[in-house]
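Okay, everyone, thanks for coming.

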There are 2 protein chains.
Amino acid sequence: MSNFPVPIAVDAMGGDHAPGREVEGAILAAAEFGIPVLLVGEEIALQEELQRHSVRQLPLEVVPASQVITMEDDVARSIRQKPDSSVRVAIRLVREGKAQGVVSAGNTGAVMALAKILLGTLPSVDRPALAAVFPPLGGTRTVLIDVGANVDCKPEQLRQFAIMGATYSRLLLNIPNPRVGLLSIGAEQGKGNELTRETYRLLQQTPLNFVGNVEGRDLYSGRADVIVCDGFIGNVALKISEGLAEAIQRLVQEVFADRLSSKAGDSFTRRIDYAETGGAPLLGVRGVCTICHGSSNASAIKNAIRMTAEFAAAGLNEKIEAELHKLGTKSLSRRRGRPALSA
Amino acid sequence: MSNFPVPIAVDAMGGDHAPGREVEGAILAAAEFGIPVLLVGEEIALQEELQRHSVRQLPLEVVPASQVITMEDDVARSIRQKPDSSVRVAIRLVREGKAQGVVSAGNTGAVMALAKILLGTLPSVDRPALAAVFPPLGGTRTVLIDVGANVDCKPEQLRQFAIMGATYSRLLLNIPNPRVGLLSIGAEQGKGNELTRETYRLLQQTPLNFVGNVEGRDLYSGRADVIVCDGFIGNVALKISEGLAEAIQRLVQEVFADRLSSKAGDSFTRRIDYAETGGAPLLGVRGVCTICHGSSNASAIKNAIRMTAEFAAAGLNEKIEAELHKLGTKSLSRRRGRPALSA
């Protein structure tokens, strides 16, 4: 009997190499971990892809969706004009309880927007946030939150990101009392901009293990387990890291070509590969949603599916809501009388 | 006869390995390029350091300064309490025309503040900005401006950064019509935060070769020659890059130890070394000021001294002022009736 009776929905059409990598990743997750997977997308393409593998015994099922939101699509327009997109259908399966979580390597903005619209936001959360787990170059797996483009954030929103990130680190990365740092430009309290100075004050008042300001280099130094920032800077930070890691990898390939096929070379490549971590959880929505890099390979999709199943099993959302509720979050949306996004 | 009759002042006490690396770098610059150097700092320590080398024929001179601003010093307090600091004396030499430029590997905040106070800001410039030249992993030497912690910038200030950065790229990096990008979180015009959306509009109206929004990964893709951003995000971006490059270098040392002593390994290390570029020019002050990484080695100091001499010879400041004046800068300081920092 499987430990995961409710399947994970995979948007099989979203990634740069869809549906090939998504189908392979689903097969690996089903075979290795026994996780049932609903592959959502163009039925014929998916059946063809499945027929290339021997999957007779595996808990895999195709759920048809006739449209695809591409990486280039405008988010708002594609949501209006593509009601039967694979990502929308996949998220709807979560809302309807037919899946316990969703994985997509598609257009990040569209996945986030649809998750907010279809699943809704947790009662104590103003804005869901995307948490990226960085490669453990500094010895710890540092979580950066938000990398999901919540721009022009308020201090209270960063406080919520900190609580969500710490809960994630504790439950899913098994760090008992995660050290939370605030991304800034100097260690002292006064350093930073208006947003960080005010957020610093708020974070000091929480029971979190707040270690103060950290700097860009601390994403790799192991000084903090969770690093909090506005989604603009988080997104830039993630893309700089990916871009530099790729550029250095190319350089390493040039310079050490003869060693790269070795076991050590292979381990090197894996250790700086952002796709390997398996995707970023969207925290703060009423449901489990993991967003993978567009260039994810089958192994990354497999890891994301496992992570999503663990996320659901751990009840991360419920714990986040309880944590925020306990710490007395004043929801900005509600204070201002705006309806929640889930409306 | 030297091509550089007026010397460069070097804050010999600022860096992490002062005064050893500063003295060595000055000796190299004097020997290789015939640039006269004024070494500013504790007289006995500097003379001792010089005696360890054979420098009889070289145009080197010690200028005494009894105090040192450390990396840990609070900027405002150290400026008040250390009137005879090596960096202050070095910058004063530029103001008095005894040096044509200054190089410091010391406390960046203190160098910037003292340069603004002692040299003053160019008439059309609101805020001087620090421009970092990134390692040419993407084929071009991309300039990121501002990395000097001008936080909470206005769009007009970013427009000035763009013009200063483009002038620098054109004159010192020999790029005839530099492509200017705006650091954001998506290529389309609407993407970004309030600051970038308004700055986008302003940059479109300049005669600059504006290529639109660029993303974090474009620091290494070669898509732009100059990338403009607020100093908060620029500082974070620089430190993430340095931190990741160092972490990967450590990993490469572990994995490819046997190859690192080779010529290829050496070239690899140099190509991702941020200190090698020789320092970041502070643009927009009335005088030439180059800020080096605290961990700069002798070769980085040497390169910074050469860069500073070239910067002065090219009349970069005059060209920046002419360019800003021509493009009709509305100085925010003046519009608001605030006195210029040079007052």
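So, salt bridges: over all chains, the structure holds 28 of them. Keep in mind that this is a predicted model, so every distance I quote is computed from predicted coordinates.

Let me start with a pair in chain A. A:Lys302 and A:Glu32 form a salt bridge, and their closest N and O atoms sit 3.3 Å apart. Where do A:Lys302 and A:Glu32 lie in the chain? A:Lys302 belongs to helix H11, residues 298-313, while A:Glu32 is in helix H1, residues 20-33.

Now, is A:Lys302 buried or exposed? Its relative accessible area is 13%, and because anything under 20% is called buried, A:Lys302 is buried. A:Glu32, on the other hand, comes out at 47%, which makes it partly exposed.

Over to chain B. There, the side chains of B:Lys302 and B:Glu32 meet in a salt bridge, with 3.3 Å from N to O. This pair too links distant parts of its chain, 270 residues apart: B:Lys302 is in helix H10, residues 298-313, and B:Glu32 is in helix H1, residues 20-33. As for accessibility, B:Lys302 counts as buried at 13%, and B:Glu32 is partly exposed at 46%.

Staying in chain B, have a look at B:Glu49 and B:Arg52. Their salt bridge has its closest N and O atoms 2.6 Å apart. B:Glu49 is buried, at 11% relative accessible area, whereas B:Arg52 counts as exposed, at 61%.

Then there's a case that goes beyond a pair. Back in chain A, which residues are linked in a network of salt bridges? Those are A:Arg170, A:Glu323 and A:Lys326.

Last topic, how the two chains relate. Take chain A, rotate it by 180° with 0.0 Å of shift along the axis, and it superposes on chain B with an RMSD of 0.0 Å. That's the relation of a two-fold axis. The same surface serves both copies, too: of the contact residues of chain A, 100% recur in chain B.

Okay, that's my bit. Over to you.

Conventions
Residues are numbered from 1 along each chain as its sequence is written. Chains are lettered from A and ligands numbered from 1 in the order in which they are written. This is a predicted model: local features need pLDDT of at least 70, side-chain atom pairs count only at pLDDT 80 or more; totals for chains, interfaces and linings use all residues. Side-chain values use heavy atoms; hydrogens and water are left out. A salt bridge is a side-chain nitrogen of Lys or Arg within 4 Å of a carboxyl oxygen of Asp or Glu. Helices (H or I, at least four residues) and strands (E, at least two) are DSSP runs, numbered from the N terminus. Buried means under 20% relative accessible area, exposed over 50%, partly exposed in between (1.4 Å probe, protein chains only). Copies are superposed by least squares on the C-alpha atoms of residues with pLDDT of at least 70 in both. Contact means heavy atoms within 4.5 Å.
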